[in-house]
Amino acid sequence: MAFVFKKQIFGFMDLLRFKKMVKIRREKFALAPATPIPATYKVNETAKILHPGYFKGKLVQIDLETPDTKTYTFETSVPFYFRAGQYVTLGCKVGESLVSRPYAISSSPEQALSKKVSFTVKKCGFFSGYLFDEAKVGDVFTIGDPSGEFCYEPLKDSKNILAIAGGSGITPFYSMAQAIKDGTINCNLTVLYGARTEKDLILREKFEALLSDKCRIVYVLSDEKKAGYENGFIGADIIRRYAPDDFTVMMCGPQAMYDFVNKELSSFDLPAKRIKREANCVGVRDVADAEYQITVHIGFNTYKIKASAKETVLTAMERAGLNAPAKCRAGGCGFCHSKLVSGKFSLAGADKRRLADKKFGYLHPCCSYPDSDMEIIVPKA
């Protein structure tokens, strides 16, 4: 029980009682248990799991899913938690370059708490090609903390999720299906999964093992007709056939799929908050090639690197071996925002910078292409 000090009518009485405080404190200390003070507390351990920062992942298993897609399973140095549908960055040194890419997690949040995480990656770019051809069991990679808003939000979304996936875009929905089964999230998931042919369907058997009254999947093949499959593209007719009365749309796939489905959804009169799209990484732009010099300030160090007009400023820094911050590679998260000292650049797609960043001359290197020599100040990764 805490000691309560009552103020007396006469001030000198307070002074007399204060002189006895040392004795009282010693008596209270003597009554306390001799148990050592904990070295850490549950709240601190929980914070580490929710915000792990960068950590190491050892590649322990590689599974071939389709001729051009593999699942990579890592044993992580720390337990962590993510929301089904989120992504992390996976990176390592490739030659002289420090490279990382964002990948949607295809395993369940429950597994991450047991220091296991998986990514299902299609071979379609520089880093994914390296993973497919070079990565081997035992290799150690750097993993960034979970990010992204492509997940079920009970306060905003309908309890019925209509997922539209194309190619490797099935991966976040596979994670959601696992989370539904283990009780991490409580929603109904209907997946419309588009692929060219039956052999291009990724994670099919694994996904079908999770089907229930709360989770179902419909396959839509564009290049072949087969019994038991929808044929063509995922348009308004197919959506009406399988969508519940009230639903939230979540799309993950190539930009061409987004452009087509956006038009098809216009007849449903859905509010903007009920349509979610996972952002795609910025790629190479179609312009005449030119070489520029970029002066990069990171901390107290200054570097002068070469940059191609076809590639982003971030890619140029990675090729030069600089440890530059990177996450979404789509201009949305702001993790890489850097100060422009001089030079010109072009943006890929819509300008997603905050108004303050525009006003005070900041740019996102992950989606900015150099149009001249440049000088920038980059935060440490």
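# Briefing on strands, aromatic pairs and local contacts

Strand E1 (residues 55–66) and strand E2 (residues 69–76) pair in the antiparallel sense, and eight bridges link the two. The structure is a predicted model. Both strands belong to an open sheet of six strands, whose order is E4-E3-E6-E1-E2-E5 and whose pairing is antiparallel.

- From one strand to the next, the twist averages 40 degrees.
- Helix H5 (residues 126–134) lies across E1, E2, strand E3 (87–94), E4, E5 and strand E6 (140–143). The helix H5 runs at about 75 degrees to E3.

**Aromatic pairs**

- The count of aromatic pairs comes to 12.
- One of these is formed by Phe-55 and Phe-80, with a centre-to-centre distance of 5.0 Å and an angle of 40 degrees between the planes; the pair is tilted.
- Phe-55 lies in strand E1 and Phe-80 in the loop between E2 and E3, so their pairing ties together parts that are 25 residues apart in sequence.
- Phe-55 has a relative accessible area of 5% and is buried, because the term applies under 20%. Phe-80 is also buried, at 0% relative accessibility.
- The ring centres of Phe-233 and Phe-260 are 5.9 Å apart and the planes stand at 55 degrees, so this pair is tilted.
- Phe-233 is placed in the loop between strand E10 (230–231) and helix H8 (236–242), while Phe-260 belongs to helix H9 (residues 255–265); the pair therefore ties together parts that are 27 residues apart in sequence.
- Phe-233 is exposed, with a relative accessible area of 60%, whereas Phe-260 counts as partly exposed at 35% relative accessibility.

**Charges over rings**

- Lys-70 lies over the face of Phe-132, at a distance of 4.3 Å from the ring centre.
- Arg-204 is placed over the face of Tyr-219, and here the distance from the ring centre is 5.0 Å.

**Cys-124**

- Cys-124 is located in the loop between E5 and H5.
- With a relative accessibility of 65%, Cys-124 counts as exposed, because the threshold for that term is over 50%.
- Between Cys-124 and Asp-68 the C-alpha to C-alpha distance is 8.5 Å, although the two are 56 residues apart in sequence.

- Strand E13 (residues 291–298) pairs with strand E14 (residues 301–308) in the antiparallel sense over eight bridges.
- In this pairing, Thr-295 stands opposite Lys-304 in E14.
- The hairpin of E13 and E14 has two residues between the strands, and Gly-299 takes a positive phi near 65 degrees there.
- E13 is also joined by five bridges to strand E19 (residues 374–378), and these two strands run parallel.
- Val-296 stands opposite Ile-376 in E19.
- In a regular strand, side chains alternate between the two faces of the sheet.

Key
Residues numbered from 1 in each chain as written. Predicted model: local features only at pLDDT ≥ 70, side-chain atom pairs only at ≥ 80, totals over all residues. Heavy atoms only, no water. Pairing = 2+ DSSP bridges. Helix = DSSP H or I, 4+ residues; strand = E, 2+ residues; numbered from the N terminus. Axes fitted to C-alpha atoms, helices over the stretch in contact; angles between N-to-C directions. Contact = heavy atoms within 4.5 Å. Phe/Tyr/Trp six-rings, centres within 6.5 Å; stacked < 30°, edge-to-face > 60°. Buried < 20%, exposed > 50% of the residue type's maximum accessible area, 1.4 Å probe, protein only. Lys NZ or Arg CZ within 6 Å of the ring centre and 35° of its normal.
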